[in-house]
Amino acid sequence: MKTEHIPYKIYLTEDELPKAWYNLRADMKQKPAPLLNPGTHQPMKAEELAGVFCEGLIAQELDNDTAYFPIPEEILTFYKMYRPSPLVRAYCLEEKLGTPAKIYYKFEGNNTSGSHKLNSAIAQAYYAKKQGLKGVTTETGAGQWGTALSMACSYFDLDCKVYMVKCSYEQKPFRREVMRTYGASVTPSPSMETEVGRKILAEHPGTTGSLGCAISEAVEKAVTSEGYRYVLGSVLNQVLLHQSVIGLEAKTALDNFGVKPDIIIGCAGGGSNLGGLIAPFMGEKLRGEEDYRFIAVEPASCPSFTRGVYAYDFCDTGMVCPLAKMYTLGSDFIPSANHAGGLRYHGMSSTLSELYHQGLMEAVSVKQTDVFKAAEYFARVEGILPAPESAHAIRVAIDEAVKCKETGEEKTILFGLTGTGYFDMVAYERFHDGQMDDFIPTDEELAAYRSKLPKVD
């Protein structure tokens, strides 16, 4: 089919909604390194994780071989309220740029949480309910994950305790109130509620917090509260598994019109959106069926891929979680209080880290002001106000389209629009008022954090 006949928005039918999550690890010859017990440095067993995570999720987390996990009917029913999500042909952006490139984006902002996070939140809440738990604890950066989880917990009548990175708690009060509307309790992190929070505040007075700090507090709260478990919105294998619905839908929509993307771009913080978007395409590449160029985009202020090291590290600042082998800046790295809250994590998914280490994908870092220039441009041209996280992918998609204009190449670009930015107006205000900084850590600062990495043989 000729691309001229492709509609602006491509919607799948309800029958085309994926019925199973795709486990990318099943097609990886070199599997991601296992989580390690921080005390023994031996691979974590299911029984060791049972005090922190839900049983059904542990099985998904540790399974490197099962290619497809059927989606439970209760989750499919919930998905149908907002899925399938649209795949959009960015005709207006193409015309404005004057590029021969064909640009598509998968839009995940069409639900109350405003992002893709609901895809995994409802799954994790389902398994918590199935286990008979009272509730769950979690952290949130920009607040999208906390919002999504509060919605999911409300649906299954579960209690939800959220530790929100302090700078985002202050920058995004309305997202905090959405969480409270759905019944969640929201605490700025680091806080005085937990032992690890008090320790972090003593060591870093006045800190604006980080995802690593908030994870530590949420884990401590879970293991010290009967009937609770901890759930995470990114990084873990189980989360990338649930988010594969993004890529599966995108691929089906493109296949229906005979379109094959050349370049696939996603913002990268912990890896949930990027991993979900690229999953079925990367599977084809791993099996030798097709070839694609994958680009992970991260903030220059928190450059895990582009300036981190591939090593075992704690997943949290308080050093209470297992060790994961990943591209990391160091677990006590606390990034500047930039406005891409969901990307302010010191490490990257072990699965994506292994793929990057093998040279199967690329990574670039971009400055905050350049990101918001792209966000504003996109909003004016395509009519959607993007979340700051999503705007990282937009920035590089525009850059790649401009390169096509310069070379005359007619490449097809697919990127993930993870959510909307209507709760991020403080960030847009500071950008428009010229009050936004481009903080980039120095090599010396990063070296100091790396020197504290755990020694693992």
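Analyst: The largest pocket holds about 220 Å³ of space, a volume being the space filled by probe spheres set on grid points joined across faces, edges and corners. Of the 16 residues lining the largest pocket, A33, P34, L35, E61 and N237 are the closest to its centre. This is a predicted model, in which local features need pLDDT of at least 70 and side-chain atom pairs count only at pLDDT 80 or more, while totals for chains, interfaces and linings use all residues. Residues are numbered from 1 along each chain as its sequence is written, and side-chain values use heavy atoms, with hydrogens and water left out.

User: What makes up the lining of the largest pocket by class?

Analyst: The lining has 11 nonpolar, 3 polar and 2 charged residues, where Ala, Val, Leu, Ile, Met, Phe, Trp, Tyr, Cys and Pro count as nonpolar, Asp, Glu, Lys and Arg as charged, and the others, Gly among them, as polar.

User: How do the residues of the lining of the second largest pocket divide?

Analyst: They divide into 3 nonpolar, 3 polar and 4 charged, and the lining includes K199, E203, D332 and K452; the volume of this second largest pocket is about 170 Å³.

User: Why is α11 said to be largely enclosed by the rest of the structure?

Analyst: Because 17 of its 20 residues are buried, α11 is largely enclosed, buried meaning under 20% relative accessible area with a 1.4 Å probe and protein chains only.

User: Where is the kink in α11 centred?

Analyst: The kink, about 35 degrees, is centred on Q243, the bend at a residue being the angle between axes fitted to the seven residues ending there and the seven starting there.

Conventions:
Helix = DSSP H or I, 4+ residues; strand = E, 2+ residues; numbered from the N terminus. Buried < 20%, exposed > 50% of the residue type's maximum accessible area, 1.4 Å probe, protein only. 1 Å grid on protein atoms, 1.4 Å probe; cavity = no way out; pocket = protein on both sides within 12 Å on 5 of 7 lines; lining within 4 Å.
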